[in-house]
Amino acid sequence: MADEKQQLDWDKIKKFSKQVSTDIGAAMLGALSYIGDRLGIFSALAQAGAVTSAQLAEKTGLSERYLREWLSAMTAAGYVNYDVAAKTYAMPAEHAMVLARDDSPFFAGGFIEMIVPNMSVAPKVLESFKNGRGVSQSEYPPETWEAMERSSASMYRHQLVRKWLPTMPQVVAKLTEGGSSLDVGCGSGRAAIAIATAFPKAKVFGFDAHGGSLERARANAKAAGLGDRIKFEVVDCTRLPAAQFDFISTFDVVHDSVDPDALLKSIRAALKPDGTYLMVEVNVSSNLEDNINPMGRMMYSISTLYCMTVSLAHGGAGIGACMGESKARELVAAAGFKHFRRLPIDDLFSALYEIRA
C-alpha cells in the first residue's frame with residue numbers, strides 16, 4: 001500500500017476529483033433546470049429583464065425563497081448574470097435562445113425536460129445491469145414522450161423542409177406532384193405534419209408501435225388543421241405494406257429498434273422501385289475513441305437510460321444511440337439497398353443518409 005501511495009500522481013487525483021465534482025454539480029443543476037423549464041421560470045426571466053428575486057416571485061407567483069436559491073445556482077453555473085450592486089438577475093438574450101425560446105433552432109427545453117423522466121428509471125436500469133434485460137417503454141412516465149417531442153421539434157421546424165429535403169431533389173419533386181410519404185416511428189407526428197404542410201398534394205402517413213405517441217400525433221395534426229390530411233396508425237413497422245411509398249423516413253429510430261434488420265428490410269420492401277429512404281441518426285461515430293467528448297458523454301448516457309435498454313427489454317438488438325455511419329452502412333447493405341449517400345448537411349446532432357434500392 002505504501003508503494004502504491006508513492007506511485008500515485010496526486011495532482012491527477014485532485015484534477016479528476018474536480019472533474020467528478022463538476023459532473024455531479026451538472027447533474028444536480030439538471031434537476032433545477034428541469035424545474036426552471038417546467039415552471040416557466042426561464043421564460044419569465046428572459047421576458048422580465050433585470051429583476052430581483054422578489055420581483056421575479058411577483059411575476060411568477062412562486063416562492064421568493066426558492067427562486068432566490070434557484071437563481072443563485074443558475075448564476076453560479078453562468079446561466080444567469082447577477083448585478084451585485086442592484087441585486088438583480090438577468091438572462092442574456094443569447095442564453096434565452098437555448099433556455100427560453102421554443103421557436104429557436106437552439107432550444108434545449110425538450111432535452112432538459114427529459115432529464116427527470118430518464119433519471120426516474122435509473123433504479124430499474126440498475127436491475128437490468130444484473131439481469132441483462134431492459135426497461136420497456138411502458139415503464140417510463142408519460143412526460144417522456146412530451147420531452148421527446150419538444151427535443152426534436154426544432155429539426156422539423158427549421159431543418160427538414162428548408163435544408164434537408166432540398167438535398168434530395170427527387171424527393172421534393174415526388175412530394176410536390178402528390179407522391180406518398182411515410183414516417184416510420186413517427187412519434188408525435190411532427191415530421192409528418194411538416195411534410196404535409198410543405199407539400200399540400202402529398203399523401204402523408206405516420207406509423208408507430210406506441211399508441212400514446214399516436215394520440216399526441218393526431219391531436220397535433222388536428223391543431224395544425226391537417227387532421228384529415230395525415231393518416232396515423234399503430235403498425236408493426238417490420239411488416240409494412242409492399243411497394244406503397246415514394247419517400248420513407250426514420251428519425252433516430254433505427255438505433256433503438258428491437259429488430260433493425262427486419263425494420264430496414266421492411267422499409268426497402270415498402271418503397272416504390274424509384275423511392276427514397278431518409279435515415280436520420282445521431283451525429284456520432286461507431287468508434288468509442290472518436291466520441292470521447294461532451295456529445296459522446298451525453299449520448300452514451302441517454303442510450304443507457306433509454307435507447308439501448310428499451311430495445312433489450314423486448315429481446316432486441318440493443319444497438320444504442322452511438323451506432324454511427326459504419327453501422328448504418330452495414331445494416332443498409334444487409335437489407336439489400338445498393339445506394340447509400342451521406343447528405344452534405346453540417347448538423348451538430350444529426351447525420352443524414354439518403355438510401356435507395
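The structure is a predicted model, in which local features need pLDDT of at least 70 and side-chain atom pairs count only at pLDDT 80 or more, while totals for chains, interfaces and linings use all residues. Residues are numbered from 1 along each chain as its sequence is written, and side-chain values use heavy atoms, leaving out hydrogens and water.

After α3 comes Gly 49, with a positive phi near 80 degrees.

Helix α13 (residues 260–270) has Pro 260, Leu 263, Leu 264, Ser 266, Ile 267 and Ala 270 as its buried residues. They are on the same side of α13 because they cover an arc of only 160 degrees around the axis. Among the elements covering them are β3, β6 (245–251), β7 (271–282) and α15 (324–334).

Turning to the serines, Ser 188 sits in the loop between β3 (180–184) and α11 (190–198). Its relative accessibility is 8%, so Ser 188 counts as buried. Beyond residues up to four places away in sequence, Ser 188 touches Trp 145, Glu 149, Ser 213, Arg 216, Ala 217 and Asn 220, contact meaning heavy atoms within 4.5 Å. Ser 128, in helix α8 (residues 122–131), is also buried, with a relative accessible area of 9%. Leaving aside neighbours within four places in sequence, Ser 128 is in contact with Arg 133, Gly 134, Val 135 and Thr 309.

Finally, the second largest pocket is lined by 28 residues, and Asp 102, Ala 153, Ser 154, Arg 157 and Arg 190 lie nearest its centre. On a 1 Å grid over the protein atoms alone, a pocket is an open set of points where a 1.4 Å probe fits, with protein on both sides within 12 Å along at least five of seven lines, and lining residues have an atom within 4 Å of a point. Helix α9 gives the largest share of this lining, 12 residues.

Technical notes
Helices (H or I, at least four residues) and strands (E, at least two) are DSSP runs, numbered from the N terminus. Buried means under 20% relative accessible area, exposed over 50%, partly exposed in between (1.4 Å probe, protein chains only). The arc is that of the directions from the helix axis to the C-beta atoms.
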